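Student: I would like to learn how to read a protein model. Could you take me through this one step by step?

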Amino acid sequence: MRISACYIVKNEAENLKRSISSIRGQVDEIVVVDTGSTDRTVAIASGLGANIYDFVWQDDFASARNYALSKATGDWILLLDADEYFSADTSCNMRKVIGVYGESSCNGLLVKMDNSDAASGELLDSFYQLRLVKRQPGLVYQGRIHEELLRDGKSLDNLSKVSPDLLR
């Protein structure tokens, strides 16, 4: 099983290194679609082994994400923003989690996300978000701003919530 990580970025030099470093060695490919960075984002991503693709920003997050999906070659795709990362004790369990849920007809995995204040480290909230998706025909993002991943024009079905215990 191959895992591709996909990012769309612009001027994320301060965040991207931490995010990519948290998954490097756990994924087979890192796809970074840059939408016009003027800082060191591209150099940082390149230095961490990412495949970099330029994309002219069209004021449409779905278009940029669809371009990133088109570059991914893995069986599963990890969808991350540059300011998101796995802790050291969770990223190493990604393949185990896919193995547990991916054997079924599961199309995607909802992973518990903790949103913390950057300055204080205080936990602000927790929620589940689609972060791992099985690569398959018909996957496309829709929605210029609050984009949603669809399959054949319909909401993605057969999603599973990952038990936080499996990630530890």
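**Reading the model**

Tutor: N158 sits in the loop between β9 (154-155) and β10 (159-161). Helices (H or I, at least four residues) and strands (E, at least two) are DSSP runs, numbered from the N terminus. This is a predicted model, in which local features need pLDDT of at least 70, side-chain atom pairs count only at pLDDT 80 or more, and totals for chains, interfaces and linings use all residues. Residues are numbered from 1 along each chain as its sequence is written, and side-chain values use heavy atoms, with hydrogens and water left out.

Student: What is the phi of N158?

Tutor: Most residues other than glycine have a negative phi. N158 is not a glycine, yet its phi is positive, about 55°. D59 is another non-glycine residue with a positive phi, near 60°. D59 belongs to the loop between β3 (51-54) and α3 (61-71).

Student: Are N158 and D59 buried, partly exposed or exposed?

Tutor: Buried means under 20% relative accessible area, exposed over 50%, and partly exposed in between (1.4 Å probe, protein chains only). N158 has a relative accessible area of 41%, so N158 is partly exposed. D59 is partly exposed because its relative accessibility is 46%. V56, also in the loop between β3 and α3, is exposed, at 67%.

Student: How much of the chain is buried?

Tutor: Of the 168 residues in the chain, 43% are buried.

Student: Which residues of helix α1 are buried?

Tutor: An α-helix has 3.6 residues a turn, so residues three or four places apart point the same way. In α1 (residues 13-23), the buried residues are A13, L16, S19, I20, S22 and I23. Their cover includes β1 (3-9), β2 (29-34), α2 (41-47), β4 (76-79), α4 (88-91) and α5 (94-102).

Student: What does R24 touch?

Tutor: A contact means heavy atoms within 4.5 Å. Leaving aside residues up to four places away in sequence, R24 touches I30 and L48. R24 lies in the loop between α1 and β2, and at 46% relative accessibility R24 counts as partly exposed. R24 and R151 are 127 residues apart in sequence, and their C-alpha atoms are 28 Å apart.

Student: How many disulfides are there?

Tutor: A disulfide is a pair of cysteine sulfur atoms within 2.5 Å. A search of the whole structure finds zero. For C106, the nearest cysteine sulfur is that of C6, 18 Å away. C106 is buried because its relative accessibility is 2%, while C92 is partly exposed, at 45%.

Student: What helices and strands make up the chain, and why is it called as compact as a globular protein of that length?

Tutor: The chain has five helices and 10 strands. The radius of gyration is taken over C-alpha atoms, and the globule rule is 2.2 Å times the number of residues to the power 0.38. The chain has a radius of gyration of 15 Å, close to the 15 Å that the rule gives for 168 residues, so it is as compact as a globular protein of that length. Along the principal axes, its C-alpha atoms fill a box of roughly 45 × 40 × 30 Å. Among the contacts with a separation of 6 or more, 66% are between residues 24 or more positions apart.
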